[in-house]
Amino acid sequence: MIAIMSMDIPSFFETSGTFERRVPAGAYLFHQNSKVENLFLVTAGEIQLVRHQTGGAALVLQRAFPGAVVAEASAFAETYHCDAIVRSDACVRGISRRRFLDLFRADPKLSEAWAARLAHEVQTTRLRSEILALRTVTERLDAWLAWHGTLPPKGEWHQIARQIAVSPEALYREIARRRRAKGLSFE
């Protein structure tokens, strides 16, 4: 059994049996339906979990930044349920799924920390679901802004459109409408 002080998940990914990988922007860390062989912690960059809808639209299910585990529920699945797309040059630390599950079963502190992380992700997912249940672009953007505070730079607005499941054009029109109505600049 591994003794991990304070049992935070990022520290766990620094123990023996883990590895580091650099992944360039635009690459896939893994593909939907591929076998789950490793779990990954983002240490630099951004990785998004994306599920492609039958109509071709892409829905961002997770935005993983440094300190986040990508697709943490995959520890208990045979295949990945999403694509993991690297949005900015990234670095990840990984551990084999088999090794993780062996340690998970043997270490109650790891099991508890993992359960706490999953509970937090459930709460985040519920908030995303609430946003997606809203009917208008205005309501969805209001909820997104209440959660995140401010818009990112203009070149990243299309990512918000994916997160709130609206077309980029509809989002841009809403931002322009707000800008005209309030004389605000979101750049």
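Visitor: What makes a feature here count?
Guide: In this predicted model, local features need pLDDT of at least 70 and side-chain atom pairs count only at pLDDT 80 or more, while totals for chains, interfaces and linings use all residues. Residues are numbered from 1 along each chain as its sequence is written, and side-chain values use heavy atoms, with hydrogens and water left out.

Visitor: How many helices and strands are there in the protein chain?
Guide: There are six helices and six strands. Helices (H or I, at least four residues) and strands (E, at least two) are DSSP runs, numbered from the N terminus. Along the sequence the pattern is α-β-β-β-β-β-β-α-α-α-α-α. The C-alpha trace spans about 60 × 30 × 25 Å along its principal axes.

Visitor: Why are α3 and α4 called roughly antiparallel to each other?
Guide: Helix α3 (residues 108-133) and helix α4 (residues 137-148) pack at an angle of about 155 degrees, with axes 8 Å apart. Axes are lines fitted to C-alpha atoms, for helices over the stretch in contact, and angles run from 0 to 180 degrees between N-to-C directions. Angles under 35 degrees count as roughly parallel, over 145 as roughly antiparallel, 65 to 115 as roughly perpendicular and the rest as oblique. The angle of about 155 degrees therefore makes α3 and α4 roughly antiparallel.

Visitor: Which residues make the contact of α3 with α4?
Guide: Thr124, Leu127, Arg128, Ile131 and Leu132 of α3 meet Arg140, Ala143, Trp144 and Trp147 of α4. Contact means heavy atoms within 4.5 Å. By class, this contact has six nonpolar, one polar and two charged residues. Ala, Val, Leu, Ile, Met, Phe, Trp, Tyr, Cys and Pro count as nonpolar, Asp, Glu, Lys and Arg as charged, and the others, Gly among them, as polar.

Visitor: Why are α2 and α3 described as roughly perpendicular?
Guide: Helix α2 (residues 97-106) packs on α3 at an angle of about 110 degrees, with their axes 5 Å apart. That angle is therefore in the range for roughly perpendicular. Phe100, Leu103, Phe104 and Ala106 in α2 meet Pro108, Leu110, Ser111 and Trp114 in α3. The classes are seven nonpolar, one polar and no charged residues.

Visitor: At what angle do the axes of α4 and α6 cross?
Guide: The axes of α4 and helix α6 (residues 168-182) cross at roughly 75 degrees and come within 10 Å. The two helices are therefore roughly perpendicular. On the α4 side, the contact is made by Val137, Thr138, Leu141, Asp142 and Leu145. This contact has six nonpolar, one polar and four charged residues.

Visitor: Into which domains is the protein chain divided?
Guide: The chain has domain 1 (9-107) and domain 2 (134-182), with bounds from an automatic or database domain assignment. Their C-alpha centres lie 27 Å apart. Seven residues of domain 1 are in contact with four residues of domain 2. The two domains bury about 560 Å² between them, 43% of it on carbon and sulfur atoms. Buried area is the accessible area (1.4 Å probe) that two parts lose on being put together, summed over both.

Visitor: Where is glycine 45 placed?
Guide: Glycine 45 is in strand β3 (residues 38-52). Not counting residues up to four places away in sequence, glycine 45 touches Ala64, Phe65, Pro66, Ser88, Asp89 and Ala90.
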